[in-house]
Amino acid sequence: MLAMLLALAGCATDPSAEYLGGLGDPVRGAALYAPRNLGDTSRWAGQPAEAAVAAEQVEFLTQELATNPRYAPEVNPAVLQSLQTAQAEMRGYLGIAPGADPQMVITGLRRAATALREGSRARAEAALASPAFAAGPAGTLQRLSTMPRLPRTAEAAGMVASEFDRLERRR
């Protein structure tokens with residue numbers, strides 16, 4: 001059973017959506033995968049679907065650690081602050097409006113990633129056609145395709161994974 005769970009964990013492409021095949025906590029999954037997915041975002045250059053998942057992960061973690069009743073009271077405020085800085089850095093690079101609703105951004109990025117994996121650029125552009133994506137659908141896709149290393153995002157990735165390790169050791 002443990003081997004099956006580890007295999008499922010290794011196959012996750014969106015840790016905040018299907019962590020451990022849906023059996024695990026998506027917030028924990030996103031936090032534990034953060035160093036892999038966000039530690040060096042330049043690894044997603046030329047892979048816009050994966051870059052979209054990484055950007056969505058920043059949005060998801062920032063929103064969840066600020067509002068989730070299980071984690072918001074426990075998480076170190078410095079971790080949330082680091083994630084908010086990473087979110088601003090990622091939004092700035094991708095041309096996402098600073099005040100955009102996080103859920104709208106998460107939904108758009110997740111749909112764009114799915115469409116790109118299925119080979120539909122038109123559906124990906126449609127997913128990004130909202131005021132949240134101020135750079136426009138084509139501009140956002142171009143930026144996802146040329147994702148650089150984002151240093152504040154890398155710092156936040158390490159901090160959030162360490163924080164979840166700390167929280168687990170406390171329990």
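The structure is a predicted model, and its secondary structure comes to 9 helices and 0 strands. Read from the N terminus, the elements run α-α-α-α-α-α-α-α-α.

**The chain as a whole**

- Of the 171 residues in the chain, 46% are buried.

**Helix 9**

- Helix 9 takes in residues 151-170, and since its 20 residues should span 28 Å at 1.5 Å a residue, the 29 Å between its end C-alpha atoms agrees with expectation.
- The buried residues of helix 9 are Thr153, Ala154, Ala156, Ala157, Val160, Ala161, Glu163, Phe164 and Leu167.

**Helix 4 against helix 8**

- Helix 4 packs with helix 8 (residues 136-145) at an angle of about 95 degrees, and the two axes are 8 Å apart.
- Because angles of 65 to 115 degrees count as roughly perpendicular, helix 4 is described as roughly perpendicular to helix 8.
- On the helix 4 side the meeting residues are Pro48, Ala51 and Ala52, while helix 8 contributes Leu141, Leu144 and Ser145.
- Sorted by class, this contact of helix 4 with helix 8 has 5 nonpolar residues, 1 polar residue and no charged residues.

**Threonine 62**

- Threonine 62 lies in helix 4, which runs over residues 48-67.
- Its relative accessible area is 5%, and because buried means under 20%, threonine 62 is buried.
- Not counting residues up to four places away in sequence, threonine 62 touches Leu80, Leu83, Gln84 and Gln87.

**Isoleucine 106**

- Isoleucine 106 has its place in helix 6, which is made up of residues 102-117.
- With a relative accessibility of 2%, isoleucine 106 counts as buried.
- Once neighbours within four places in sequence are left aside, the contacts of isoleucine 106 are Glu56, Glu59, Phe60 and Gln63.
- Isoleucine 106 and alanine 55 are 51 residues apart in sequence, whereas in space their C-alpha atoms are 8.3 Å apart.

Note on methods:
Residues are numbered from 1 along each chain as its sequence is written. This is a predicted model: local features need pLDDT of at least 70, side-chain atom pairs count only at pLDDT 80 or more; totals for chains, interfaces and linings use all residues. Side-chain values use heavy atoms; hydrogens and water are left out. Helices (H or I, at least four residues) and strands (E, at least two) are DSSP runs, numbered from the N terminus. Buried means under 20% relative accessible area, exposed over 50%, partly exposed in between (1.4 Å probe, protein chains only). Contact means heavy atoms within 4.5 Å. The expected span of a helix is 1.5 Å times one less than its number of residues. Axes are lines fitted to C-alpha atoms, for helices over the stretch in contact, and angles run from 0 to 180 degrees between N-to-C directions. Angles under 35 degrees count as roughly parallel, over 145 as roughly antiparallel, 65 to 115 as roughly perpendicular and the rest as oblique. Ala, Val, Leu, Ile, Met, Phe, Trp, Tyr, Cys and Pro count as nonpolar, Asp, Glu, Lys and Arg as charged, and the others, Gly among them, as polar.
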